[in-house]
Structure formats: C-alpha cells, structure tokens
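Here are my notes on the packing in this model. Please read them with the structure open.

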Amino acid sequence: MAEPPRSCDCFISLPPGSRDDHVIFGKNSDRPQDEVQEVVYYPAASHPPGSSLQCTYIEIPQAEHTLAVVLSRPAWLWGAEMGANEHGVCIGNEAVWTRESVSDKEALLGMDLVRLGLERGETAKTALDVITRLLEQHGQGGACREDPVPFSYHNTFLLADRSEAWVLETAGKFWAAERIIEGVRNISNQLTIGSDIMAEHPQLRSIAQSQGWWNGEGEFNFAMAFTPDQLPTRMEAAKKRYQCGTELLRQHDGKVTMEVMMGILRDKPSGICMDSGGFRTTGSMVSVLPRDPGLKCIHFFTATPDPSRSVFKPFIFTESVMPVPRVMSPQYGLDDPARKQPRFQTKVDRRHELYKAHQAALNTMETNLEAGSQLQETLRSLEAQCLTDIAALLCGATMEGEELGDLFFDCVDTELKFYQ
C-alpha cells in the first residue's frame, strides 16, 4: 500500500446540532509541514463555448459560466483544499486509501474536484453531481504534494449549503454519497459511509461483488466493502482521530456555534490540530451558513498554519470584494517547478507576506514565552472582537457593502500590524 494519509478533519453541524438556525462547516487542512497555503478569490466569469480549462495536471472542457469562489489552497496547485462559493456552498476534501489501487498517472486531483464543484455547483447536491461526473470522465490521480517522490491518494468530500450536507466517498472512479439533513457529522481520512447510501456509482455494487468484497446478498455496506483488510498505522490513528472528532461534536450537540467549531479545530489532544510526522495543520476554515437567505454567509480562514496560534478572519461575498495580495503567494509562471517536466525538481519560495510574519511570530512564541503569551492574548482579543461584530451581522445588523467586501483585507492588515 502507498504511504497512508496523514490527517485532515471535516465537520458539519445542521440544526438542531447548531445552537442557532445555521449550518456550520469546518475543516483543518493537514499537509506537508513546509507547504504554504494561500487564500485566493476568483470572481464569477463567463467563458466561450468549447473553451478548455487547465487544472493542476490535465486539461478538461470549461463550463460556460463559473461562480465566484474563495479558496484555501496549497500554493503550487490549481485546485483547493477547501473553499466556498457565492451561493453558500462549502466543500472540503480528505485523503483516503481503499481496495481500489491508487494511480500516479496524472488526472484530476481531489483538490481540483473541490474547486470544480465550487465553481460549477449552486447547491451542495449539484456540486456533488459535478464532482462525480468529472470523476467518472477523467479519473483521479497524480502527485498530491510538491515532491518528486510519488504520493497519491483517493478522496472523500464533505459538501454543505444552507439546507443540507453530503458526504461523498470515492474509490478510484467509484463512489457513494450520504445525505445529511440534521445533526452533526465528521470525516477523517477513512471510509465512513455504511448502508445509508443516497446516491452511488451505477456499477458500485457489481464491482464490489465481482472482486469478492460483497457477496451480493443482504445489506450493502460501502465502508466494509471498500476498506482495505490491513490498515496501516497511520490509518488506525485516523480512526482514533475520527472517534475524537465525533465525541467533540457529541459534547456540543445542540450548542455548536462558530466559536465552538473553531475550538474543535484548535484541539491538540485529539490530534485534530496536528504537527507530527512531517505534517501539520497548514490552513483552517469555518463557515456559517444561515438558513435565512436574507442573511450573509460568513467564511473564516486562517491563511496560516496551526489554528491554535492563528487568527480566523472573515470573508463575505459582495459585489466589491477587495483582493488580498498579502495572503497570495508569489507566481512563477512557466518556470514553476510544478509546471515544468519532470515536475518538482527544484523548490521555490511560496511564502506570502502574512505567512512570513506569522512564522516570525511563532518563533517569538517559542523562544520568548512572555512576549509570545502577550502576542497570543492580543490576537485572541482581536479575533473575539471580530466574532462579536459577525454575531451582530448574523442577527440582522447591517454593514455597507463596501465594508463587507473589505472585511477580510482589513483583518489581514490588522493582524500584520500586530506582528510588526
């Protein structure tokens, strides 16, 4: 078996799991320790009929219209680890190994599928349909990290909108999906869909039966059929982390808020906020999707590693979103080692301005405990004030469109000033 998945955790809470009438989404993106994650915004766009789209590795037909999206992504690739679109759809993915073999052949990455689902899906279900259709047409595969040593995996996804959520789990081109309309749910680098399958690949059961993974009688259980017999140590660790995440959600069931979700993503004893084995939490996201369509969806991003020592900053879709170059990585064009063949033969500096400042702040926290503690207290106070303002917005308070569009920019700018 290929190197097992390190870790990632996605969470969802729908009423009555949420304290308020909100759907709340959260994800920690756990990636190679030195990988930089940027936060980028792309406006809605129209494209000429018949045009093509270059994803991380392969070219596919472009949609005639793409939605506005905000993405948190490893800076070397086209797709995203997590993000949201203008209609309040959120998606996050996770690495997983199954009984279907993983291919190093370049195809769509799971992270490409996250972005494609967001750009083309106005609801969680239509985004799911986009992902499964493209998965069946183009497959998934290729290097999943910026390294010449092959490292590939299959993917699971958590998709959500204002009214429902879906768990989508894949094994090669095969897939199963579970719909969630209430309560809490989480995924963590393993197959979790049992017999509660709402949608599936048309050949899913026949392939399981032909391979001897299901006898064709009785209830079909996707996880039992497609989970490998021998689980590597890291996948066993993922199982424990999944159980811890489930327990944290259970403890807060009926009381989940944006603050609670941020607290779960910051939990170190469970391994949800992680830094081990060469991997760490390199970016985090929390979204609040009010059931009331008259209220704005709020999407929080750290744009820096380790949420326990980072600030969640709010992004709101408006007609006047201000770009934030301070959380965007340098571009290298055709000279980018991710685009040249053979790939990943050299390294480039992908650190953006906030990442550099945050690195220096982390060094202060680790070498000067008193100064580090004061900085941490100041940053948490900054975040708490922001959350108070956002809570007022979610209760119907008003803010000018231009102010909303500048909100993420202003929060990044304020955080940088505290680091100086």
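1. Start at Phe220. Beyond its neighbours within four places in sequence, Phe220 is in contact (heavy atoms within 4.5 Å) with Gly194, Ser195, Ile197, Leu204, Arg205, Ala208, Trp214, Ala225 and Phe226. This is a predicted model: local features need pLDDT of at least 70, side-chain atom pairs count only at pLDDT 80 or more, and totals for chains, interfaces and linings use all residues. Residues are numbered from 1 along each chain as its sequence is written, and side-chain values use heavy atoms, without hydrogens and water.

2. Phe220 also belongs to the largest nonpolar core, which has 56 residues. Such a core is a set of buried Ala, Val, Leu, Ile, Met, Phe, Trp, Tyr and Cys residues joined through side-chain atoms within 4.5 Å; buried means under 20% relative accessible area, with a 1.4 Å probe and protein chains only. Ile12, Phe222 and Val327 are among the residues with the most contacts inside it. H7 gives the largest share, 5 residues. Helices are DSSP runs of H or I, at least four residues, numbered from the N terminus.

3. A second, separate core has 45 residues, including Met111 and Phe157.

4. Which aromatic pairs stand out? The whole structure holds 13 (ring centres within 6.5 Å, Trp by its six-membered ring; planes under 30 degrees apart are stacked, over 60 edge-to-face, the rest tilted). Phe151 and Phe279 pair edge-to-face, 6.4 Å centre to centre with 65° between the planes. They sit 128 residues apart. Both Phe151 and Phe279 are buried.

5. Trp213 and Phe226 are also edge-to-face, at 5.2 Å and 70°. Both are buried.

Terms used. Buried < 20%, exposed > 50% of the residue type's maximum accessible area, 1.4 Å probe, protein only. Helix = DSSP H or I, 4+ residues; strand = E, 2+ residues; numbered from the N terminus.
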